Amino acid sequence: MKLIIASAATMLALAAPAIAEGDVGKGEKGFKKCKSCHSVISPDGEAIVKGGKTGPNLYGVIGRVAGSEDFKYGSGLKEAAEAGFVWTEDTLAEYTKDPKKWLGKNGFAKKSKMSFKLKKGGEDVAAWLASVAPAAAASE
């Protein structure tokens, strides 16, 4: 009986979705690839990373409704905003790998202004973004 319970527990653990465990230090370095389009600026104006304005400010993105920052988003993230979709470290890391594919897979229009694909290190960048700003309230 113990063998059956242990086997079942092992199978459940293996079937569970993987949780991104990013490295904050690596994420800070990895964000250099993102800063040509994105900045990280606190509400009081502190520039944590002074980056480009092609993309939205990513301060507090973890815990924030997707597409809710004052920015002109593509239709995929507009639909995500209308649905109330909230970014987590895991979902942001997955999105950065292939934004259009992620949008379609999650039932949103496959239209994104983000053409860059972060094939590796997305979980690190997401962990770093979570570390530099408090999680936003989902009601924002």
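**Notebook: helix packing and aromatic pairs**

I took contact to mean heavy atoms within 4.5 Å. I note that this is a predicted model, in which local features need pLDDT of at least 70, side-chain atom pairs count only at pLDDT 80 or more, and totals for chains, interfaces and linings use all residues. Residues are numbered from 1 along each chain as its sequence is written, and side-chain values use heavy atoms, with hydrogens and water left out.

**Entry 1: overall content**

I looked up the secondary structure and recorded six helices and two strands. Helices (H or I, at least four residues) and strands (E, at least two) are DSSP runs, numbered from the N terminus. Along the sequence the elements follow the pattern α-α-β-β-α-α-α-α. I then checked burial: 37% of the 140 residues of the protein count as buried. Here buried means under 20% relative accessible area, exposed means over 50%, and partly exposed is in between, with a 1.4 Å probe and protein chains only.

**Entry 2: α4 against α6**

I asked at what angle helix α4 and helix α6 pack. For α4 (residues 89-97) and α6 (residues 122-132) I recorded about 135 degrees, with the axes 8 Å apart. Axes are lines fitted to C-alpha atoms, for helices over the stretch in contact, and angles run from 0 to 180 degrees between N-to-C directions. The two helices are therefore oblique to each other; angles under 35 degrees count as roughly parallel, over 145 as roughly antiparallel, 65 to 115 as roughly perpendicular and the rest as oblique. The crossing of α4 and α6 is right-handed, the term for a near helix turned clockwise from the far one by less than a right angle, with anticlockwise giving left-handed.

On the α4 side the contact is made by Glu 89, Leu 92, Ala 93 and Thr 96. On the α6 side it is made by Gly 122, Glu 123, Ala 126, Ala 127, Leu 129 and Ala 130. I classed the residues of this contact as six nonpolar, two polar and two charged. In that scheme Ala, Val, Leu, Ile, Met, Phe, Trp, Tyr, Cys and Pro count as nonpolar, Asp, Glu, Lys and Arg as charged, and the others, Gly among them, as polar.

I asked which residues of α4 are buried. They are Thr 91, Leu 92, Ala 93, Tyr 95 and Thr 96, and what covers them includes α3 (75-83), α5 (99-105) and α6. In α6 I listed Gly 122, Asp 124, Val 125, Ala 126, Ala 127, Trp 128 and Leu 129 as buried. The buried residues of α6 pack against α2, β1, β2 (47-49) and α4.

I also followed Thr 91 of helix α4. Not counting residues up to four places away in sequence, Thr 91 touches Phe 85, Val 86 and Trp 102. The C-alpha atoms of Thr 91 and Ile 62, 29 residues apart along the chain, are separated by 9.3 Å.

**Entry 3: aromatic pairs**

A search of the whole structure returned nine aromatic pairs. Rings of Phe, Tyr and Trp (its six-membered ring) pair if their centres lie within 6.5 Å; planes under 30 degrees apart count as stacked, over 60 as edge-to-face and the rest as tilted. Phe 31 and Trp 128 form a tilted pair, 5.1 Å centre to centre with 40 degrees between the planes. Phe 31 lies in the loop between α2 (24-30) and β1 (40-41) and Trp 128 in helix α6, so the pair ties together parts that are 97 residues apart in sequence. Phe 31 is buried at 2% relative accessibility, and Trp 128 is buried at 4%.

The rings of Tyr 95 and Trp 102 have centres 5.6 Å apart and planes at 85 degrees, so I logged this pair as edge-to-face. Tyr 95 is buried at 5% and Trp 102 at 6%. Both belong to one aromatic cluster, formed by Phe 85, Trp 87, Tyr 95, Trp 102 and Phe 108.

Leaving aside neighbours within four places in sequence, Gly 52 is in contact with Lys 35, Ser 36, Cys 37, His 38 and Ser 39. Gly 104, in helix α5, is partly exposed with a relative accessible area of 25%. The C-alpha atoms of Gly 104 and Gly 76 are separated by 8.1 Å.
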